[in-house]
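Subject: Structure for your review

Dear colleague,

Please find below the structure that I am handing over to you.

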Amino acid sequence: MKRYTVDANALVDFTLGLLPDRAHDQFRAAADGRVTLEIPVVAAIEAMFVLDRRDELQGIPIPFDAEDALRWFEQLPATFVEDTHADARELLAHLSVFPSQMHDAMIVANHVTRSTDAIITDDRKMDDNYPTVWE
């Protein structure tokens, strides 16, 4: 069974109904038990922060706070995964790609150490350097 790492922007876009078809298909497949989605805790925290701090995104009102967002994420057909010492070690190999985006380097490190098939994200730096699913 394929396994995917879910980035913060995918969580935000899924929550607001903005995911493109290819990325959304992975959430459908997870709901059907055909793939596994893994949400690194750092991605959930970043998405919670975005949803808590913004009033709207792409013209869509965001009517909930971080606590509501976390409750929503906990209902998704996904598993939360924690960062480990191995992720911290792996992170060092990705800092040059993300010199000012530690959270993105952490997502990639989690993807690499957990050997997921791809990252569900629209992040161009990730797309240029790692397997991703989006459009």
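The notes below describe a pocket and then the packing of several helices.

Please bear in mind that this is a predicted model.

The pocket

The largest pocket has a volume of about 160 Å³. Its lining consists of Asp7, Ala8, Asn9, Val12, Asp13, Glu46, Val50, Leu57, Gln58, His103, Asp104 and Asp123. Sorted by class, these lining residues comprise five charged, four nonpolar and three polar ones.

Which helices supply at least two residues each to this lining? They are helix H1 (8–15), helix H3 (41–53) and helix H6 (102–114). Of the contributions to the lining, that of H1 is the most, at four residues.

The packing of the helices

Two packed helices are described by the angle between their axes and by the distance between those axes.

H1 and H3. The axes of H1 and H3 lie 8 Å apart, and the helices pack at an angle of about 50°. H1 is therefore oblique to H3. The crossing of H1 with H3 is right-handed. On the H1 side, Ala8, Leu11, Val12 and Thr15 take part in the contact, and they meet Ala43, Ala44, Glu46, Ala47, Val50 and Leu51 of H3. The contact of H1 with H3 has eight nonpolar residues, one polar and one charged. Among the residues of this contact are Ala8, Val12, Glu46 and Val50, and these residues also line the largest pocket.

H3 and H4. Helix H4 covers residues 66–74, and it packs against H3 at an angle of about 135°, with the two axes 8 Å apart. H3 and H4 are therefore oblique to each other. Their crossing is right-handed. Here Ala44, Ala47, Met48, Leu51 and Asp52 of H3 meet Ala66, Ala69, Leu70 and Phe73 of H4. The contact of H3 with H4 contains eight nonpolar residues, one charged residue and no polar ones.

H3 and H6. For H3 and H6, the packing angle is about 145° and the axes are 9 Å apart. Is the crossing of H3 and H6 left-handed or right-handed? H3 passes H6 in a left-handed crossing. Val42, Ala43 and Glu46 of H3 make this contact with His103, Met106 and Ile107 of H6. By class, the contact of H3 with H6 has four nonpolar residues, one polar and one charged. Glu46 and His103 belong to this contact and also to the lining of the largest pocket.

Yours sincerely,
A colleague

Conventions. Residues numbered from 1 in each chain as written. Predicted model: local features only at pLDDT ≥ 70, side-chain atom pairs only at ≥ 80, totals over all residues. Heavy atoms only, no water. 1 Å grid on protein atoms, 1.4 Å probe; cavity = no way out; pocket = protein on both sides within 12 Å on 5 of 7 lines; lining within 4 Å. Points joined across faces, edges and corners; volume = space filled by probe spheres on them. Nonpolar A, V, L, I, M, F, W, Y, C, P; charged D, E, K, R; others polar. Axes fitted to C-alpha atoms, helices over the stretch in contact; angles between N-to-C directions. Parallel < 35°, antiparallel > 145°, perpendicular 65-115°, else oblique. Left-handed = near helix turned anticlockwise from the far one by under 90°. Contact = heavy atoms within 4.5 Å.
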